[in-house]
Amino acid sequence: MKYLLWLVPLFFLAGCTPTMVVNNQRYYVMTETEEKEMLELARAILVKSKQVTTPAEKMFFKSNEPVMKIEYTGDRTGVARVTWTTSNRIIAVIYKGEFLTPQMGWVIETQPLLPETLRFEPPRQANP
């Protein structure tokens, strides 16, 4: 009876794991706390980087929130992109694999911030 009382709370805790349906498949996804942990890990990766980021960008990462997009391909597995947009470029940490495990890999990607496209249309000529 004592063991049965321990199983009941474990059953309810296991049922609280968030899930998501992707292509008619139900996957276990990360909790909000785990997503924040990945975000802080990305911030730490960029702040510690000596070759990719400048001191001004490191301050930017500490004081600004990034955009995080996650695509799940399995239980707590997929591709997550954490992106900051500075005044002159876009810097992202991309995670791949089983999130927050030794099987998760990451890469830093940078690209210049392109100016907005300007559209020029010649003026219409009046019909004589």
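**Overview**

Thr73 is found in strand E3, which spans residues 67–74. This strand belongs to a predicted model, whose secondary structure amounts to three helices and six strands. The briefing begins with the model as a whole and then turns to a helix pair and to individual residues.

**Confidence in the model**

- The protein has a mean pLDDT of 84, and 84% of its residues reach 70 or more.
- Where pLDDT is low, the predicted coordinates should not be read in detail.

**Overall architecture**

- Read from the N terminus, the order of elements in the protein is α-β-β-α-α-β-β-β-β.
- The protein has 128 residues, of which 26% count as buried.
- Of the contacts between residues at least 6 apart in sequence, 40% join residues at least 24 apart.

**The pairing of H2 and H3**

- Helix H2 covers residues 32–48 and helix H3 covers residues 55–63; the two pack at an angle of about 165°, and their axes lie 9 Å apart.
- Angles over 145 degrees count as roughly antiparallel, and H2 and H3 are therefore roughly antiparallel to each other.
- The crossing formed by H2 and H3 is left-handed.
- On the H2 side the contact is made by Arg43, Leu46 and Val47, and on the H3 side by Lys58, Phe61 and Lys62.
- Sorted by class, the residues in this contact of H2 with H3 are three nonpolar and three charged, with no polar residue.

- Is Thr73 buried or exposed? Thr73 counts as exposed, because its relative accessibility is 56% and the cut-off for exposed is over 50%.
- Thr73 and Val22 are 51 residues apart along the chain, and their C-alpha atoms are separated by 8.0 Å.
- With neighbours within four places in sequence left aside, Thr73 is in contact with Tyr27 and Gly78.
- Thr83 lies in strand E4, which spans residues 77–85.
- Thr83 counts as buried, because its relative accessibility is 15% and the cut-off for buried is under 20%.
- Which residues does Thr83 contact, leaving aside its neighbours within four places in sequence? The contacts of Thr83 are with Pro66, Val67, Ile90, Ile91 and Ala92.

- Most residues other than glycine have a negative phi.
- Arg76 is not a glycine, yet it has a positive phi of about 50°.
- The place of Arg76 is the loop between E3 and E4, and at 23% relative accessibility Arg76 counts as partly exposed.
- Leu100, also not a glycine, has a positive phi of about 60°.
- Leu100 is located in the loop that lies between strand E5 (89–98) and strand E6 (105–112).
- With a relative accessibility of 26%, Leu100 counts as partly exposed.

Note on methods: Residues are numbered from 1 along each chain as its sequence is written. This is a predicted model: local features need pLDDT of at least 70, side-chain atom pairs count only at pLDDT 80 or more; totals for chains, interfaces and linings use all residues. Side-chain values use heavy atoms; hydrogens and water are left out. pLDDT is the predictor's confidence in each residue, from 0 to 100. Axes are lines fitted to C-alpha atoms, for helices over the stretch in contact, and angles run from 0 to 180 degrees between N-to-C directions. Helices (H or I, at least four residues) and strands (E, at least two) are DSSP runs, numbered from the N terminus. Angles under 35 degrees count as roughly parallel, over 145 as roughly antiparallel, 65 to 115 as roughly perpendicular and the rest as oblique. A crossing is left-handed if the near helix is turned anticlockwise from the far one by less than a right angle, and right-handed if clockwise. Contact means heavy atoms within 4.5 Å. Ala, Val, Leu, Ile, Met, Phe, Trp, Tyr, Cys and Pro count as nonpolar, Asp, Glu, Lys and Arg as charged, and the others, Gly among them, as polar. Buried means under 20% relative accessible area, exposed over 50%, partly exposed in between (1.4 Å probe, protein chains only).
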